[in-house]
Amino acid sequence: MANRSVRVAVNGYGVIGKRVADAINAQPDMELVGVADVVSDYRMKVAEALGLPIYAALPEKVDEMRASGLTIQGALDDLLKRIDVIVDCTPKGIGARNLERYRGAKIRSIFQGGEKHALTGHSFVAQANYTSALGRESTRVVSCNTTSIVRTLSALRDAGLLKKARGVLVRRATDPWESDHSGVMNTVVPEKSVPSHQGPDAQSVIPELDVVTIAMVAAHTTSHLHAWSVELTREATKDDVLAAFRAAPRIAFLRASDGIVALNSTSELMADLGRPRGDMWEVGLWEDSLTVTGNEVFYTYQVYNQAIVVPETIDAVRALTELERDSFESIAMTDRALGVTRQFIN
Ligand SMILES: NC(=O)c1ccc[n+]([C@@H]2O[C@H](COP(=O)([O-])OP(=O)(O)OC[C@H]3O[C@@H](n4cnc5c(N)ncnc54)[C@H](O)[C@@H]3O)[C@@H](O)[C@H]2O)c1
């Protein structure tokens, strides 16, 4: 159990940033020093209502944000002087421009999956490579889909069952908050090349994975659906495979027999369980349809893209700062604080 506290800030208070900020606040060993952004709309007004210290991420935004009525504590450079770690949750490509700034301020930095692996030279999924992130200056938490792939395939690998994996990803069109102006409608759009980037991205965490992904975008906003066909190292039973998934963190089972028959049913379940924002941090894997034939297993799971990377980001803070050197301890601490489970309902 860690006995000190690190000072953390979030740059980019959007879909991922606001969830990361809440998750930092929930940890016993972290202090959320502030959040930075460039907008003055309802997002920052909520941050203010929640009592979070707000900073302007760009110096030229300070006056504009103050003029909107927000209380601004200063610019990003002021915030960087007060913290040990920054979690950059800005839109794809902006994080890359911020790394030198963080480096200049001599703080550690965590980026999200929209940035490239090459930016930090390290891509992170807690259960797979926590140790290699210990003490690093920076890392990148991989995307939502890649996080789910690494969680599930490393569960099978750790049980000695994984030979090769082939997956089809049906991605959501856009996030709900921006569905007034983006996202496809009444169609399904296959990606132009195979493999889609998620397979190679999973190999940036576990290089030896034999994995190929095919992806498409569909006309809905509620999360992603994966369908996997995995060749095992030996003939196995359904119980062997379920036991492998049960032994791994952050995978929980959904059951059609409980009425959880589609992406929308899970959203309802999470909301009814009182999850903040109706979030599912776990990979939600359908237990009843999982099928094993000889040395092959077939299964589907749901990835709540807005939430799945949040626990990984918290673990990345502990790994970079060496607040906790043991991955299992960090994962347990994060999961306890958030309410991550392996069983949604009995
Ligand atoms: N949305 C998802 O499902 C999801 C899942 C996993 C990973 N990610 C990754 O997380 C990162 C953030 O994505 P998001 O969906 O939260 O984006 P978002 O658009 O919801 O939020 C980004 C926030 O950053 C702010 N911003 C814009 N320019 C800025 C700047 N120069 N400095 C500071 N803040 C700035 C925006 O105002 C917004 O509040 C991306 O790398 C993305 O690929 C997103």
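This briefing covers salt bridges, helix packing and a surface patch in one structure. The model is predicted: local features need pLDDT of at least 70, side-chain atom pairs count only at pLDDT 80 or more, and totals for chains, interfaces and linings use all residues. Residues are numbered from 1 along each chain as its sequence is written, and side-chain values use heavy atoms, with hydrogens and water left out. Helices (H or I, at least four residues) and strands (E, at least two) are DSSP runs, numbered from the N terminus.

**Salt bridges**
- The whole structure holds 27 salt bridges (a side-chain nitrogen of Lys or Arg within 4 Å of a carboxyl oxygen of Asp or Glu).
- D279 pairs with R19 at 2.8 Å, N to O. D279 sits in the loop between α11 and β14 and R19 in helix α1 (residues 15-25), so the bridge ties together parts 260 residues apart in sequence.
- Both D279 and R19 are buried (buried is under 20% relative accessible area, exposed over 50%, partly exposed in between; 1.4 Å probe, protein chains only).
- R277 pairs with D22 at 3.0 Å, N to O. R277 is in the loop between α11 and β14 and D22 in helix α1, so this pair ties together parts 255 residues apart in sequence.
- R277 is partly exposed at 35% relative accessibility. D22 is partly exposed at 30%.
- R250 pairs with D335 at 2.9 Å, N to O. R250 lies in the loop between α10 (238-247) and β13, and D335 in helix α13 (residues 327-338), 85 residues apart.
- R250 is buried at 2% relative accessibility; D335 is buried at 11%.
- A salt-bridge network links D29, R151, R250, E312, D315, R318 and D335.

**Helix packing**
- Helix α11 (residues 263-272) buries L263, S265, T266, S267, L269 and M270. Its buried residues pack against β12 (224-232), β13 (251-254), β14 (283-286) and β16 (296-303) (contact means heavy atoms within 4.5 Å).
- Just after α11, G274 has a positive phi of about 80°.
- P276, in the loop between α11 and β14, is partly exposed at 41% relative accessible area.

**Surface patch**
- Y42, V46, L50 and W177 make a nonpolar surface patch of about 400 Å². Patches take residues with over 30% relative accessible area and no salt bridge; like charges are joined within 9 Å, nonpolar side chains (Val, Leu, Ile, Met, Phe, Trp, Tyr) within 5 Å.
- W177 lies in the loop between β9 (162-171) and β10 (188-190). W177 is partly exposed at 35% relative accessibility.

Conventions
Accessible areas come from the Shrake-Rupley method with a 1.4 Å probe; for residues, only the protein chains shown count as cover.
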